[in-house]
Amino acid sequence: MNYLWHWGVFLQPTSTGGETYLDWMFSGFKMTIALSLSAWLMALVLGAAVGVLRTVPNKWLSGLATAYVEIFRNIPLLVQLFLWYFVLPELVPASIGTAYKQSNPVIQQFVASMLCLGLFTSARVAEQVRSGINSLPPGQKNAGLAMGFTLAQTYRYVMLPMASRLILPPLTSEFLNIFKNSAVCSTIGLLELAAQGRQLVDYTAQPYESFISVTLAYVMINVVVMFGMRWVEARARVPGYIGGK
Amino acid sequence: MYEFDWTSIPGALPFLWQGMQVSLEITFVAVIFGIVWGTLLAIMRLSSFTVLSWFAAGYVNLFRAVPLVMVLLWFFLIVPHLLESLLGFPRGSDMRLGSAIAGFALFEAAYYSEIIRAGIQSVSKGQMAAASALGMRYGQVMRLVVLPQAFRNMVPLLLTQGIILFQDTSLVYVSALADFFGAAYKVGDRDGRLVEMLLFAGAVYFVICFAASQLVRHYQKKLRTA
């Protein structure tokens with residue numbers, strides 16, 4: 001195999017001028033981080049709310065929350081992304097849709113990606129929240145109610161603080177997933193890490209260097225998040241539970 | 001308000017069905033290879049040979065750290081060239097379906113091996129000791145005693161992973177291979193009816209995956225009471 005390795009290609013200026021190829025990598029990296037973190041924030045808030053609703057003693061509310069989870073879990077992420085990006089602007093009232101379509105394309109791509117990843121992940125977070133709440137001994141809820149707390153207060157002061165600490169390990173893997181899933185957003189043209197990798201292949205004609213760097217960047221994100229979350233998990237462990245002190 | 005026009009769907013059904021066959025083919029072949037290779041990885045990971053267990057751990061952790069889209073891009077853009085120059089494959093031969101299947105199988109094997117490893121570890125130690133005491137070799141213990149029990153407990157998880165894989169096959173879109181989603185997108189793009197086709201594709205995926213996951217849940221309940 002006669003392939004010419006040329007790692008120095010990253011320091012060369014791009015053909016569009018001004019920047020180097022390394023700058024492209026960096027801007028993709030920043031986009032991946034910004035997208036994943038903002039979607040994660042959305043997923044946590046929505047997921048906690050939907051997860052709580054799945055456990056409340058009200059048939060309608062829990063049914064609604066179940067439907068929410070099933071819809072987002074049973075449609076492929078790519079299809080959901082295309083629905084947010086191509087379909088939603090057509091279905092909202094025409095004036096809003098047109099204004100949206102005339103806005104900056106990068107903003108359109110980012111908003112669609114964030115909505116998609118955030119809602120998709122929120123359904124998974126909701127499942128973890130639900131199983132965390134259900135794994136609590138029923139005595140905790142009963143004790144809270146017996147103390148004169150309302151149901152909302154029992155959730156707020158007794159069940160959620162406990163459940164949130166128990167579900168940290170499974171949440172870590174969802175947090176890792178959101179970074180990996182963000183690569184799907186390259187399909188609508190958002191210039192995140194994977195898309196920059198493809199662009200580097202096209203412009204530099206050095207496919208191995210480009211792909212190896214991008215792959216390593218994802219591995220690095222993975223390692224950093226894993227160690228960070230391990231640190232958080234160690235601090236949040238509930239004494240007396242499995243894995244606790 | 002948007003005016004829906006669903007008329008392009010009936011005529012496109014044969015083409016969409018062809019796409020669905022591609023999706024299903026990738027799913028089934030990748031599930032089978034993924035489980036076989038995943039089982040080997042799990043056994044390697046649990047073996048006492050350090051080299052084997054490190055290899056398996058490295059493989060699994062690497063594939064689980066990288067997005068599926070990146071793995072597929074490797075298999076569509078890089079691996080075919082590698083095969084051309086290393087093995088003398090004819091230039092420009094269409095390996096997209098083969099690449100897709102290989103990419104999915106190798107990627108999913110990492111996830112399957114974690115499920116299978118947990119399954120093997122959930123079989124009580126006494127089983128292994130008893131089988132060894134009966135004079136079975138390691139291979140026989142695994143094949144005849146441990147794996148059958150492990151797989152029985154794992155079936156729901158393996159099937160659920162299969163449903164996820166079926167959803168993920170839509171990502172072959174990055175290679176313009178016409179799976180079900182790719183076919184729907186093409187028709188929608190051609191007829192200027194992208195909104196309807198995307199909604200239709202989403203509904204079809206939902207019905208299939210929801211029905212399949214309900215079946216898995218039903219089976220899981222039966223397994224638990226048995």
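**Ground rules**

I number residues from 1 along each chain as its sequence is written, and I letter chains from A and number ligands from 1 in the order in which they are written. Since the model is predicted, local features need pLDDT of at least 70 and side-chain atom pairs count only at pLDDT 80 or more, while totals for chains, interfaces and linings use all residues.

**Confidence**

I started with pLDDT, the predictor's confidence in each residue, from 0 to 100. Chain B averages 91, and 98% of its residues score at least 70. For the model I noted ipTM 0.90 and pTM 0.91.

**Layout of chain B**

I found 8 helices and 0 strands in chain B. Helices here are DSSP runs (H or I, at least four residues), strands are E runs of at least two, and both are numbered from the N terminus. The C-alpha atoms of chain B fill a box of roughly 70 × 55 × 25 Å along the principal axes.

Next came contacts (two residues whose C-beta atoms, placed from the backbone, lie within 7 Å). Of those in chain B with a separation of 6 or more, 74% join residues 24 or more positions apart.

**Where the chains meet**

For the classes, Ala, Val, Leu, Ile, Met, Phe, Trp, Tyr, Cys and Pro count as nonpolar, Asp, Glu, Lys and Arg as charged, and the others, Gly among them, as polar.

**The core**

Buried means 20 or more other C-beta atoms within 10 Å of a residue's own, exposed means 12 or fewer, and partly exposed is in between, with C-beta atoms placed from the backbone. By that count, 35% of the 226 residues in chain B are buried.

A nonpolar core is a set of buried Ala, Val, Leu, Ile, Met, Phe, Trp, Tyr and Cys residues joined through C-beta atoms within 7 Å. The largest one has 105 residues, and those touching the most other members are Leu81(A), Val69(B), Met70(B), Leu72(B) and Ala184(B). I followed up Leu72(B): leaving aside neighbours within four places in sequence, its contacts include Ala100(B), Leu171(B) and Val174(B).

**Helix 4 against helix 6**

In chain B, the axes of helix 4 (residues 96-122) and helix 6 come within 9 Å and cross at roughly 145°. I took axes as lines fitted to C-alpha atoms, for helices over the stretch in contact, with angles from 0 to 180 degrees between N-to-C directions. Among the residues that meet there are Phe104(B), Tyr111(B) and Ile115(B) from helix 4 of chain B, and Ala150(B), Met154(B) and Leu157(B) from helix 6 of chain B. This contact has 13 nonpolar, 4 polar and 1 charged residues.

Ala176(B) has a phi near 60°, a positive value in a residue other than glycine. I placed Ala176(B) in the loop between helix 6 and helix 7 (180-191) of chain B. Ala176(B) is exposed, with 11 other C-beta atoms within 10 Å.

In chain A, Ala205(A) also has a positive phi near 60°. Ala205(A) lies in the loop between helix 9 (193-204) and helix 10 (207-236) of chain A.
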